[in-house]
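Q: I would like to check the labels on this structure against their definitions. Please show it before we start.

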Amino acid sequence: MTVTGADIVELDRIAVHEALRVVERAGSADWERDTPCAGWNLRRLVAHMTAQHHGFAAAARGAGLEAAHWQEPQDMSEPARIHRAAATAVLAAFAEPGSTEREFALPELGGSFPGQLAVRFHFIDYVVHAWDVAAAIGTPVELSDDILHAALVTARLVPTDPARRGPGNAFAPALDVPRGSGPLEETLRLLGRDPSRWPVRA
């Protein structure tokens, strides 16, 4: 699947909006729930998502090396509101003319990357994080087949080198993919998530 700069910005926008939708479904009793991100409850996961949005927005504008942009908020008393502000900021930055033609400094990934590739990193992260949030609160994600197939193409490109997976890295070690898995399940398993452990609640 070939994805242009304009395409990946739109795909990312859809994934971010789905993450917004599921975050905003969380109730007051949900913020301390466990998530598929080992050791993180939902409040901590949304703090991480918020920081990543601000960091990528800064990177899109040439300020990705400034560590302050990547820090998780000190105050997460209103997670959904704080996360929405960050999501709005990153979508505005990616929508600026020429954003995918710039270099993004992404210190957590060890260097600078062409904008189109950097937005693709953000896209796969938010397909997966939308699912992480949905799994924690027991609801399904609502993403079209086009989005899920684009996510799978990207997931298959993520290095599986053990030195780049596990604690301290963006993704856990890849899991086996059962025959007949759909694109979302394959994406999740390639990126270290086991969807069978997180059933949707009635």
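A: Helices (H or I, at least four residues) and strands (E, at least two) are DSSP runs, numbered from the N terminus. The model is predicted: local features need pLDDT of at least 70, side-chain atom pairs count only at pLDDT 80 or more, and totals for chains, interfaces and linings use all residues. Residues are numbered from 1 along each chain as its sequence is written, and side-chain values use heavy atoms, with hydrogens and water left out.

Q: Why are strand E1 and strand E2 said to pair?
A: Two strands pair if DSSP finds at least two bridges between them. E1 (residues 103-106) and E2 (residues 111-114) are joined by four bridges in the antiparallel sense, so they pair. Phe104 has Phe113 of E2 as its bridge partner.

Q: What makes helix H6 mostly covered?
A: Buried means under 20% relative accessible area, exposed over 50%, partly exposed in between (1.4 Å probe, protein chains only). Six of the eight residues of H6 (residues 183-190) are buried, including Pro183, Leu188 and Leu190.

Q: Which residues does Leu106 touch, not counting residues up to four places away in sequence?
A: Leu106 touches Phe56, Ala59, Trp70, Gly111, Phe113, Ala118 and Phe121.

Technical notes
Contact means heavy atoms within 4.5 Å.
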